[in-house]
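User: I would like to learn how to read a few features of a protein model. Please take them one at a time.

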Amino acid sequence: MTNTLAIKTQYQQQIFGALEDSTIGTPVTLKVDEKGFFLYWTDQNKETEFLEISCMRDVRTGRYSRVPKEGKLRDSVTMGPPDIPLEDKTVTVVYGPDLVNISFLNFCCIGREIAQEWTDALMKMAYNLLALNAPATMFLEKLYTKISLMVDRDGKVPVKNVVKLFAQNKEDKKRVEKALELCGVSTGKNDTINPEKFSFEIFQNFYRYLTGREEVDAIFERLTGSRKKGMTVDQLVEFLNKEQRDPRLNEILYPYADPGRVRDLIAAHEPHKSYAQKGLLSVDGFLRYLMGSDNVIVAPEKFDLNLDMEQPLSHYFINSSHNTYLTGHQLTGKSSVEIYRQCLLSGCRCVELDCWNGKYSDEEPIITHGYTVVTEVLLKEVLEAIAESAFKTSDYPVLLSFENHCSPKQQAKMANYCTKIFGDLLLTEPLSNYDLKPDTPLPSPNQLMRKILIKNKKKHYPKSVSSAKSSTAIEKEEEPSVQPSSTPEKTKLTPSTSDEPRSSSKAGSLTNGGPEMERVPSEMDDSGSDSASDEEEQVDAEVTCDQNEGTAAKESEAGAEMSALVLYTQPVRFHSFEHAEKRNRCFEISSFVETQATNLLKEHPVEFVDYNKKQLSRIYPKGTRVDSS
């Protein structure tokens, strides 16, 4: 994208830092280089700053953009029609090296349409898989573009900036300066480089002088007999077919190299005309071929959707997160709303929400790690973040794994929030032909696209009672509670014995990532005796729960409103593969601590695989994992 836009910067800071509204907005011109590597902006003094687009994690406008609340900063960035809210004219760029350590960069423009156009375009570029997995030559082009942007007010690149970019010590500095001199660049203290004369061809030579690449020279000399000789067409054909080719490839789909193809490669990569005219490949041309698009680690077509996504949901590994809300230590760290966005944007399709009663008079449900000293966040804010980010980078379904410790009244509020905030995104009824009956497979990822599924303890209420309770709970939502709050802090302040603490960014090893649940009766009981058996099983599960489940084993009884939202992910306690086979209910999901899952894989590999063909399993980390990653 080469568009140019007059924009004002607002502020830049760490996510957990305090906003400082004392800064005055600076008028800048915002651009993206023609290759799509960098977002850069130039102020009125012709000073340029830039940000690598591949470092962007999110781009927002509208309600979730960051705008100054009041004061001089807000006045200095207010531009365009006054009837358009400032947040609708603001573009917030979220960037950082990982999911936790992120910063915000904000721009304000004159109109809603312009802000939306920039937001959409930057998101598309930031999550371009081909750009993120480009050949080595493309990363050289990115580095060359970065140098071209490091200009002073006169539009020249100071040599000291180039040296600083590559050198970390005095020895490095000498090597960089020598490589520049070999390219004909003066390296005096105040010397500059004219970007128009410093071509990419010269930069490639600079790279060659700087790195040496003796290992490539050795391979070339082994193939040709001498580094100074050129590689002939026949020699290159033999190299491609005997050494470079994967012998497992199909000969029809991936034919062997022939002289015609090799001549095309020489013409494309050989920098020296004299060699190219003779049909020879020099050592420099050989290096460029190895770093080019013909030798990417992963073939570009692999980044296209090439898998069958029409199989039942249980046939897939699901990128999952455990204790998603935590950004650090599992017992003493901080909880974050933002981390839910970052996990979903990075491809995670299952996140965990540990819900507890709110402590204050408003009785807002909170998310925290029970019986620890971690901080808390509001459930409502987390649900809003999920609704905004769930399908920005993937349309495949999202599973919300609830560990629910809330009172019936606050559970009703939770269900109400889910329904109102998610709207049509929330799956509230079984799909046609996929009823909650034994022997009925789960829907496929394609059938569940852009849908949010709830995993929560489920108790089955008569429909009339359920609806009546729901209505009553919502009507009384604002009334003062007569029940004592059961927040984890007020219950028992002891270290967690859970075998579940793990980071927000840690992927579950099989399918989804949430807390262990107690055994509950299933909706589609075949008979009265089966229903009674389920009730006994639930009581038995409560008695025999082990420490591997931590706080999940102490969950509250599921309320009618939350139970009604649980469809294809109904948690049950695992007894045996034979028991699961007999029930044959694909909509039930069981949880396994990682050590248990590993033992099952070793002792009953075939049974475990067959089990997972029909229903989901969730593998959660053992309790000794207290750090986040």
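User: Is Thr-569 buried or exposed?

Analyst: This is a predicted model, in which local features need pLDDT of at least 70, side-chain atom pairs count only at pLDDT 80 or more, and totals for chains, interfaces and linings use all residues. Residues are numbered from 1 along each chain as its sequence is written, and side-chain values use heavy atoms, with hydrogens and water left out. Buried means under 20% relative accessible area, exposed over 50%, and partly exposed in between (1.4 Å probe, protein chains only). Thr-569 has a relative accessible area of 1%, so Thr-569 is buried.

User: Where is Thr-569, and which residues is it in contact with?

Analyst: Helices (H or I, at least four residues) and strands (E, at least two) are DSSP runs, numbered from the N terminus. Thr-569 sits in the loop between α19 (560-563) and β15 (570-571). Contact means heavy atoms within 4.5 Å. With neighbours within four places in sequence left aside, the contacts of Thr-569 are Leu-399, Ile-454, Lys-455, Asn-456, Phe-587, Ile-589 and Leu-616. The Thr-569 side chain also reaches the backbone oxygen of Ile-454 at 2.7 Å.

User: Is Ser-336 buried or exposed?

Analyst: Ser-336 is buried, at a relative accessible area of 4%. This residue is in the loop between α12 (283-290) and α13 (338-345). A polar atom of the Ser-336 side chain lies 3.2 Å from the backbone nitrogen of Ile-339.

User: In what order do the 5 strands of the open sheet run?

Analyst: Strands of a sheet pair through backbone hydrogen bonds, either parallel or antiparallel. Two strands count as paired if DSSP finds at least two bridges between them. Here the order is β12-β11-β10-β13-β14, with mixed pairing. β12 (377-378) and β14 (452-455) are the edges; each has a single partner strand, so one side of each lacks a neighbour in the sheet. β11 (residues 366-367) pairs with β12 in the antiparallel sense over 2 bridges, and Ile-366 has Leu-378 of β12 as its bridge partner.

User: Which strands does α13 lie across?

Analyst: Axes are lines fitted to C-alpha atoms, for helices over the stretch in contact, and angles run from 0 to 180 degrees between N-to-C directions. α13 lies across β10 (350-356), β11 and β13 (398-404), and runs at about 160° to β10.

User: What pLDDT does the chain average?

Analyst: pLDDT is the predictor's confidence in each residue, from 0 to 100. The chain averages 84, and 82% of the residues score at least 70.

Methods:
Polar contact = N/O pair within 3.5 Å; in protein donor to acceptor, adjacent residues only side chain to side chain.
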